[in-house]
Amino acid sequence: MRGLSMAAPGENLRVNSDRLWDSIMEMAKIGPGIAGGNNRQTLTDSDKQGRELFKSWCDQAGLAMGVDQMGTMFMTRAGTDPDALPVYVGSHLDTQPTGGKYDGVLGVLSGLEVVRSLNDLGIKTKHPIVVTNWTNEEGARFAPAMLASGVFAGVHSQDYAYARKDLDGLTFGDELKRIGWVGDEKVGARKMHAYFEYHIEQGPILETENKQIGVVTHCQGLWWLEFTLTGREAHTGSTPMNMRVNAGLAMARILEMVQTVAMENQPGAVGGVGQVKFSPNSRNVLPGTVIFTVDIRSPDQAKLDGMRARIEKEAPKICEPLGVKCSVEAVGHFDPVTFDPTLVGRVRTAAEKLGYSHMNLISGAGHDACWAAKVAPATMVMCPCVGGLSHNEAEDISKEWAAAGADVLFHAVVETAGIVE
């Protein structure tokens with residue numbers, strides 16, 4: 001596997017779990033939500049403040065900062081070999097509008113904790129270690145998700161990314177400039193020896209199975225299909241039922257169809273809609289325009305593409321008898337990912353060595369690791385979350401869960417970076 005270094009830390013070595021947890025709680029103070037979580041959407045003032053806090057901690061840990069033209073932060077701990085490619089570890093600090101305190105943040109701050117622990121222990125590594133905060137992983141404000149890592153991997157162009165608009169018509173490029181985080185590095189110019197990402201599961205399997213560690217072997221593929229339905233605005237009280245051109249009704253029937261398609265592709269497929277925009281969005285006016293995004297996922301390429309084809313075929317058939325015009329644009333996509341077997345093995349071995357219960361997992365959500373896997377060996381570590389709840393302010397994990405996964409991350413990363421005796 002491209003000559004990955006193999007020097008392992010002793011099994012008695014652990015991260016500082018108190019410091020990790022305190023850092024997570026401190027970051028959660030920035031962009032607080034209304035129900036105990038966070039609203040730190042990408043390229044907002046809160047995102048800027050989160051970046052500044054993260055940078056201050058990295059400065060204290062002696063890391064050198066690089067920022068690329070997508071605003072992604074790369075914080076480097078030097079290795080002893082100037083020619084050795086870095087081992088990257090990270091995730092994201094941006095959140096959903098009603099997000100939790102751990103999604104993404106756990107991975108970034110655990111990466112920082114790996115470096116802090118190495119500093120505490122006086123351990124040097126052959127390969128540099130780079131703690132990474134990717135811009136706009138969530139895609140909540142600017143679709144698609146994993147935007148900066150997608151540009152890094154050559155999936156999207158930078159011009160495409162800069163032109164993405166939020167619901168208020170503001171562009172990614174302008175907002176990145178506004179908060180002052182346009183870097184000077186060419187996106188994708190960096191080369192990786194390996195990439196690790198630690199994340200909450202965002203599902204109920206680990207908790208249900210009473211396992212501390214998820215060894216992530218694959219990631220589901222995804223299509224985001226943005227529908228625009230055009231009807232006719234009309235008074236809801238005075239317009240006869242048989243004279244309506246009701247885009248809202250067409251949307252409802254499409255949603256039911258998506259549910260049917262997903263259920264008929266069980267097991268190993270999901271589909272639904274999480275974002276809808278009615279216009280004019282008035283109580284007593286039938287919508288003239290409805291925009292919504294269908295999210296379909298599967299680890300099976302044939303199922304994923306088959307679901308997309310069927311949904312795009314059936315939707316116009318639903319709209320036509322209602323007189324509603326239908327258009328669809330794919331605004332997000334990645335194929336199913338198989339993570340690097342050697343790195344997956346190191347995560348599994350670390351969990352076993354440290355005495356943590358573990359199991360293989362397929363990630364149901366997309367992550368920056370999915371795009372990183374296109375340019376370097378990559379894998380993920382996961383920890384349980386209470387009730388499988390995520391993208392919700394009630395998202396919760398325990399301090400012990402966080403520490404267990406961080407310990408596994410520490411051992412897998414350091415083994416790959418190579419300890420220098």
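This is a predicted model: local features need pLDDT of at least 70, side-chain atom pairs count only at pLDDT 80 or more; totals for chains, interfaces and linings use all residues.

Reader: What makes helix 1 oblique to helix 3?

Author: The axes of helix 1 (residues 17–27) and helix 3 (residues 105–121) cross at roughly 140° and come within 10 Å. Angles over 145 degrees count as roughly antiparallel and those from 65 to 115 as roughly perpendicular, the rest being oblique; helix 1 is therefore oblique to helix 3. The crossing is right-handed.

Reader: Which residues of helix 1 make that contact with helix 3, and how does the contact divide by class?

Author: Helix 1 contributes Arg-19, Leu-20, Ser-23, Ile-24 and Met-27; among the residues of helix 3 are Leu-109, Glu-113 and Arg-116. By class, the contact has 6 nonpolar, 3 polar and 4 charged residues.

Reader: Why is helix 1 called roughly perpendicular to helix 12?

Author: Their axes come within 10 Å and cross at roughly 115°. The class runs from 65 to 115 degrees, so helix 1 is roughly perpendicular to helix 12. Ser-17, Asp-18, Leu-20 and Trp-21 of helix 1 meet Lys-399, Ala-402, Ala-403 and Ala-406 of helix 12. These divide into 5 nonpolar, 1 polar and 2 charged residues.

Reader: What places Met-27 among the residues with the most contacts inside the largest nonpolar core?

Author: That core has 99 residues, and Met-27 is listed with Phe-54, Leu-109 and others as having the most contacts inside it. Helix 12 (residues 399–417) gives the most to the core, with 10 residues. Beyond four places in sequence, the contacts of Met-27 include Phe-54, Trp-57, Val-105 and Leu-109.

Notes:
Residues are numbered from 1 along each chain as its sequence is written. Side-chain values use heavy atoms; hydrogens and water are left out. Axes are lines fitted to C-alpha atoms, for helices over the stretch in contact, and angles run from 0 to 180 degrees between N-to-C directions. Helices (H or I, at least four residues) and strands (E, at least two) are DSSP runs, numbered from the N terminus. Angles under 35 degrees count as roughly parallel, over 145 as roughly antiparallel, 65 to 115 as roughly perpendicular and the rest as oblique. A crossing is left-handed if the near helix is turned anticlockwise from the far one by less than a right angle, and right-handed if clockwise. Contact means heavy atoms within 4.5 Å. Ala, Val, Leu, Ile, Met, Phe, Trp, Tyr, Cys and Pro count as nonpolar, Asp, Glu, Lys and Arg as charged, and the others, Gly among them, as polar. A nonpolar core is a set of buried Ala, Val, Leu, Ile, Met, Phe, Trp, Tyr and Cys residues joined through side-chain atoms within 4.5 Å. Buried means under 20% relative accessible area, exposed over 50%, partly exposed in between (1.4 Å probe, protein chains only).
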